[in-house]
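Here's a friendly tour for anyone meeting this model for the first time. Have a look at the fold, then read on.

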Amino acid sequence: MDLQVVAVTVLVDLPPEACWARLSDLSVAHYYVPGLTKTEIISSQCRGQGAHRRVYSGGRFLEETVTEWREGSGFTIRLHRGEKPMAPFRQAEFDYALAAAGDAQTRVVLAMRIALPGGSLGRVAGRALLPVMRRQLRLVAAGLKHYYETGVAATDADRKRLLGAVHDGPAEA
């Protein structure tokens, strides 16, 4: 399947081990993702491939299942509702990746991979959605930076203040 990808990068002023400790806790997404009000682990496992959570925005929820777990460096989640992908997508994945970036810093790359139904028309529609998704990813990355560095849930003001620290695209190798 031909997926369209949007990615952002942010430097977090913590060593990778500390970032991984926060990232691998799948129960705290609402501390940094804008609009989320609660995160609930609904599988018997709390981490690793197959871990499954619900993220809530008010009374509505989206399910997220870990499809790939890279111990110490990140994971990929499938976004869905039951067996169906997150609407309106044919496939939707979110990827978190960590890498050391000098003394006591970690480069965090957030990427969203999507496919819309409809073949080439879906691909055109997907291209139109990418800027919206990039803005959302930038807010997630800014909130993540705030939460990871302070241990305090990010507010909209925190995200706005830290947007300048977020860069479009994956980190350069």
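Asp95 has Ala111 in S8 as its bridge partner. This is a predicted model, where local features need pLDDT of at least 70, side-chain atom pairs count only at pLDDT 80 or more, and totals for chains, interfaces and linings use all residues. Residues are numbered from 1 along each chain as its sequence is written, and side-chain values use heavy atoms, leaving out hydrogens and water.

Strands here are DSSP runs of E with at least two residues, and helices are runs of H or I with at least four, numbered from the N terminus.

| Strands | Bridges | Direction |
|---|---|---|
| S5 and S7 | five | antiparallel |
| S7 and S8 (106-115) | ten | antiparallel |

Now for the largest pocket, with a volume of about 840 Å³. Its 30 lining residues include Leu36, Leu62, Leu79, Met86 and Gln136, the closest to its centre. A pocket is an open set of points on a 1 Å grid where a 1.4 Å probe fits, with protein on both sides within 12 Å along at least five of seven lines, and lining residues have an atom within 4 Å of a point. The volume is the space filled by probe spheres set on the points.

Which element gives the most to this lining? H2 does, with six residues. By class, the lining has 23 nonpolar, three polar and four charged residues (Ala, Val, Leu, Ile, Met, Phe, Trp, Tyr, Cys and Pro are nonpolar, Asp, Glu, Lys and Arg charged, the others polar).

Terms used. Pairing = 2+ DSSP bridges.
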